Amino acid sequence: MPIGDAPADAGSRRRRAGSPASPSERQIVPKVSSPQRSSSSEQLLLFGRNFLKHPRMLGSLIPSSRFLVNHVLAEVDWSRARVLLEYGPGVGTFTTEILRRMRPDAVLVALETNADFVRFLKGKVRDDRLHVIHGSAADADAVLDRLQLDRADYVISGIPYTTMPPGLRDRILRKTHSVLDANGAFLVYQFTRAVLPYLQQVFGSVHQDFEPLNVMPARLFYCRHHIDRAAAENGRRTNGSGRSKSLQPLAPDRTGTAKSPRLSG
Ligand SMILES: C[S@@+](CC[C@H](N)C(=O)[O-])C[C@H]1O[C@@H](n2cnc3c(N)ncnc32)[C@H](O)[C@@H]1O
């Protein structure tokens, strides 16, 4: 899948992610022209039509509910999120809420394989902080490089890992590990727990959560490089019990490059 369509202003964000915003930058009121917060009939129609064409790529007949969006985005520390990646924005259900919450000096890179959705987002969601890229999550590292952005503070992923080829799934998880900041989080929502062992092979810590108020109740996974001791002490579930002994989570090295993971593909 070719990577394409970086916005014309991509070069204007050539800075280290995490450089503090100047006071004047903080005053900027972001211009988000977006579809309505709940999905409009245009969005529902476009999504449903594309589900019929590409059921395995979409994995769902309708976009995520606001309950799911709010649940996942509650995991984000908006004060420190400077580079965010979204995998599979679809018609922008998460995208517009991320833009509404994120800092004026933050950047959101949305990677989408479906050309109809890319066209829709580019036409409907106008915000200088957003880069809609027609490409695969498997190209996350190349896209960040091209935009001259460092590692991501958050990766928010709605792509269906269970219906994609295992080699592609493994490549995406490996790439995600390599682009995620040492203190970053990979937030995944799915309709089943099938992806859990693959997340556990790659990330040091995987917390599980659940959102019942979605048309298909959703499984949430919050993945980090390291064990989150505070959360573990608070009794949240980590990946300690389910991981195969032969598999080790990848440790971020000093350059942020993933060491060779033990995955297929
Ligand atoms: C379940 S939909 C989620 C849409 C939206 N985020 C939501 O929550 O309503 C999955 C989306 O992932 C996209 N997708 C599937 N595989 C992808 C990949 N490898 N890289 C980027 N996007 C992908 C699909 O085209 C689709 O838009």
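Strand E7 (residues 218-224) is largely enclosed by the rest of the structure, because five of its seven residues are buried. A residue is called buried if 20 or more other C-beta atoms lie within 10 Å of its own, exposed if 12 or fewer do, and partly exposed in between, with C-beta atoms placed from the backbone. Strands (E, at least two residues) and helices (H or I, at least four residues) are DSSP runs, numbered from the N terminus. The model is predicted: local features need pLDDT of at least 70, side-chain atom pairs count only at pLDDT 80 or more, and totals for chains, interfaces and linings use all residues. Residues are numbered from 1 along each chain as its sequence is written.

## Strand E7 and its partners

Two strands are said to pair if DSSP finds at least two bridges between them. E7 pairs with strand E6 (residues 205-211) in the antiparallel sense, over seven bridges. The two strands E6 and E7 form a hairpin, with six residues between them. Within this pairing, Phe-210 has Arg-219 of E7 as its bridge partner. E7 is also joined to strand E5 by five bridges, and these strands run antiparallel. Here Val-188 stands opposite Phe-221 of E7.

The bridge partner of Ser-157 in E5 is Val-188. E5 itself is mostly covered, since nine of its 11 residues are buried.

| Strand pair | Direction | Bridges |
|---|---|---|
| E5 and E7 | antiparallel | five bridges |
| E6 and E7 | antiparallel | seven bridges |

## Two residues in these strands

Ala-218 is found in strand E7. Ala-218 is buried because 24 other C-beta atoms lie within 10 Å. Two residues are in contact, or touch, if their C-beta atoms, placed from the backbone, lie within 7 Å. Leaving aside residues up to four places away in sequence, Ala-218 touches Leu-68, Tyr-189, Gln-190, Phe-191 and Glu-211.

One of these contacts, Gln-190, has its place in strand E5. Gln-190 counts as buried because it has 21 C-beta neighbours inside 10 Å. Although Gln-190 and Ala-218 are 28 residues apart along the chain, their C-alpha atoms are separated by 5.6 Å. The C-alpha atoms of Ala-218 and Thr-192, 26 residues apart along the chain, are separated by 7.2 Å. Again without residues up to four places away in sequence, Gln-190 touches Tyr-161, Val-195, Ala-218 and Arg-219.

## Helices with a buried face

In helix H4 (residues 66-73), the residues Leu-68, Val-69, His-71 and Val-72 are buried. Seen down the axis of H4, the buried residues fall within an arc of 165 degrees, so they line one face of the helix. The arc is that of the directions from the helix axis to the C-beta atoms. An α-helix has 3.6 residues a turn, so residues three or four places apart point the same way. The cover over the buried residues of H4 includes H5, E4, E5, E6 and E7.

Helix H6 (residues 115-124) has Phe-117, Val-118, Phe-120 and Leu-121 as buried residues. Down the axis of H6, the buried residues fall within an arc of 165 degrees, so they line one face of this helix. Ala-115 and Gly-123 are exposed on the other side of H6. Among the elements that cover the buried residues of H6 are helix H2 (41-53), helix H5 (93-101), strand E2 (107-112) and strand E3 (130-134).

## The nonpolar core

A nonpolar core is a set of buried Ala, Val, Leu, Ile, Met, Phe, Trp, Tyr and Cys residues joined through C-beta atoms within 7 Å. The largest nonpolar core has 59 residues, of which Leu-84, Leu-108, Val-109, Leu-111, Leu-199 and Cys-223 touch the most other members. Apart from residues up to four places away in sequence, Leu-199 touches Leu-173, Val-188, Val-206, Phe-221 and Cys-223.

## The chain as a whole

The chain has 10 helices and seven strands. Of its 265 residues, 42% count as buried. Among contacts between residues at least 6 apart in sequence, 74% join residues at least 24 apart.
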